[in-house]
Amino acid sequence: MPQVIEIDSAEDPRLADYVSLREATLRRLLETERGIFIAEGAKVIRRAVAAGYPPRSFLLARRWLADLEDVLAGLEAPVYVVSEELAERVTGFHVHRGALASLQRSERFTVGEVLAGRRVVVLEDLVDHTNVGAVVRNAAGLGWDGLLISAHCADPLYRRSIKVSMGTVFALPWARLSPGLDLVDTLHEAGFTVAALALDKRAVDLDEAGRRVRGRRLAIVLGNEGAGLSPRVLEAADLLVTIPMAGGVDSLNVAAASAVACYALGR
């Protein structure tokens with residue numbers, strides 16, 4: 001078993017990785033500088049460790065020691081045991097699952113490795129971590145082979161993204177495109193038909209899109225929650241696709257749209 005350390009002060013410097021987890025801007029800076037990410041909940045922690053991300057430390061309520069004993073066995077990372085009240089003071093929110101871990105980031109897949117699959121989801125400049133996590137879960141659950149994200153897309157390894165993805169971000173191959181790399185050209189060079197989801201008069205519905213892309217290597221591209229896809233993607237995509245709507249609603253949330261499109265075009 002690793003070293004189990006009881007901590008009773010929110011000012012203890014050993015808890016620095018877990019400070020102010022609700023402050024997204026601060027956390028992105030700190031996590032980038034330290035090369036870490038935070039996993040929340042026993043199930044997510046298990047999946048992160050099983051995927052090979054090296055843990056730096058664990059922050060646990062005592063009741064989780066026995067439950068995670070098999071995960072902790074053989075690891076050298078310290079286990080900081082705290083009260084749930086102290087965990088809340090450190091993190092800035094109620095850690096209702098009572099278990100957190102700080103792990104080292106690593107680039108597990110290259111863009112080329114993701115593009116070795118036949119069906120990929122591509123995210124251009126999404127800003128909401130919840131949406132990114134939901135798209136990851138949808139793509140993994142509906143059998144797509146991987147995910148590409150643009151250089152400025154929200155972080156799939158941010159705590160909220162991981163939590164919403166239910167840890168599937170550790171199983172689905174994903175990679176971030178380099179700044180300045182043309183998204184559509186990259187997909188075309190890898191042999192993909194590019195289907196961009198957009199509210200556009202030129203767009204075809206899912207049934208027609210399904211007929212056109214059947215049997216092809218396919219990339220679905222989804223855009224920013226507010227601005228949508230960039231003019232470049234709209235111009236260069238092989239086809240624009242829309243989800244037929246009713247009731248005066250023009251579109252779905254991007255995460256919901258990803259689920260519908262992955263199901264309809266992945267069959």
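A contact is defined here as a pair of residues with heavy atoms within 4.5 Å. In the predicted model of the protein chain, 78% of the contacts between residues at least 6 apart in sequence join residues at least 24 apart. Local features of this predicted model need pLDDT of at least 70 and side-chain atom pairs count only at pLDDT 80 or more, whereas totals for chains, interfaces and linings use all residues. Residues are numbered from 1 along each chain as its sequence is written, and side-chain values use heavy atoms, with hydrogens and water left out.

The protein chain contains 11 helices and 12 strands, these being DSSP runs (helices: H or I, at least four residues; strands: E, at least two) numbered from the N terminus. Its C-alpha atoms fill a box of roughly 60 × 40 × 30 Å along the principal axes. Of the 267 residues, 52% are buried, where buried means under 20% relative accessible area, exposed over 50% and partly exposed in between (1.4 Å probe, protein chains only).

Two residues were examined for their backbone angles. Most residues other than glycine have a negative phi. Asp 125, although not a glycine, has a positive phi of about 60°. Asp 125 lies in the loop between β6 (119-123) and α6 (129-141) and is partly exposed, with a relative accessible area of 29%. A positive phi, near 60°, is also found in Met 166, again a residue other than glycine. The loop between α7 (159-165) and β8 (174-176) holds Met 166, and this residue is partly exposed at a relative accessible area of 24%.
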